[in-house]
Amino acid sequence: MAQAIEKIRKLFSLDILRCPADDRGELELRTEDVRCRSCGRIYPIVGGFPVLIVSESRFEPEPGNNL
Ligand SMILES: [Zn+2]
């Protein structure tokens, strides 16, 4: 898994991965998923590669929202 993350990190360093939902959202690589800093969508990492498909994304509950 660490090697896969390193591969993804290289892609991120090339700045070619962008959020497909808003077209220019900067993506943040996390341990097991990828989060868009712009719209907050979270994309899964499957097989060591981020799945940047809007229909596969989800939203994280906002911190402080006690629903
Ligand atoms: Zn986005």
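Two strands are taken to pair if DSSP finds at least two bridges between them. Helices (H or I, at least four residues) and strands (E, at least two) are DSSP runs, numbered from the N terminus. The structure described here is a predicted model, in which local features need pLDDT of at least 70, side-chain atom pairs count only at pLDDT 80 or more, and totals for chains, interfaces and linings use all residues. Residues are numbered from 1 along each chain as its sequence is written.

The protein chain contains 1 helix and 6 strands, and from the N terminus on its elements follow the order α-β-β-β-β-β-β. The average pLDDT (the predictor's confidence in each residue, from 0 to 100) is 82 for the protein chain, with 84% of the residues scoring at least 70. Where pLDDT is low, the predicted coordinates should not be read in detail.

Strand β2 (residues 25-29) holds leucine 29, and β2 runs antiparallel to β3, joined to β3 by 3 bridges. Within this pair, glutamate 28 has arginine 35 of β3 as its bridge partner. The two strands form a hairpin with 3 residues between them.

Strand β3 (residues 33-36) also pairs with strand β4 (residues 41-46), in the antiparallel sense and over 3 bridges. Here aspartate 33 stands opposite proline 44 in β4, while valine 34 has tyrosine 43 as its bridge partner in β4. This hairpin has 4 residues between its strands, and glycine 40 in the turn has a positive phi of about 85°.

The hairpin of β4 and β5 leaves 2 residues between them, with glycine 47 in the turn at a positive phi of about 60°. Strand β6 (residues 58-59) pairs with β4 as well, antiparallel over 2 bridges, and arginine 41 stands opposite phenylalanine 59 in β6.

Turning to burial, a residue counts as buried if 20 or more other C-beta atoms lie within 10 Å of its own, exposed if 12 or fewer, and partly exposed in between, with C-beta atoms placed from the backbone. Buried residues make up 12% of the 67 residues in the protein chain. Leucine 29 is partly exposed because 15 other C-beta atoms lie within 10 Å. The C-alpha atoms of leucine 29 and proline 50, 21 residues apart along the chain, are separated by 9.1 Å.

A nonpolar core is a set of buried Ala, Val, Leu, Ile, Met, Phe, Trp, Tyr and Cys residues joined through C-beta atoms within 7 Å. The largest one has 5 residues, namely Cys19, Leu27, Val34, Cys36 and Tyr43. In soluble globular proteins, nonpolar side chains tend to be buried together.

Leaving aside neighbours within four places in sequence, tyrosine 43 is in contact with Asp33, Val34, Pro50, Val51, Leu52, Glu56 and Ser57. Across the protein chain, residues 24 or more positions apart account for 19% of the contacts with a separation of 6 or more.

Conventions
Two residues are in contact if their C-beta atoms, placed from the backbone, lie within 7 Å.
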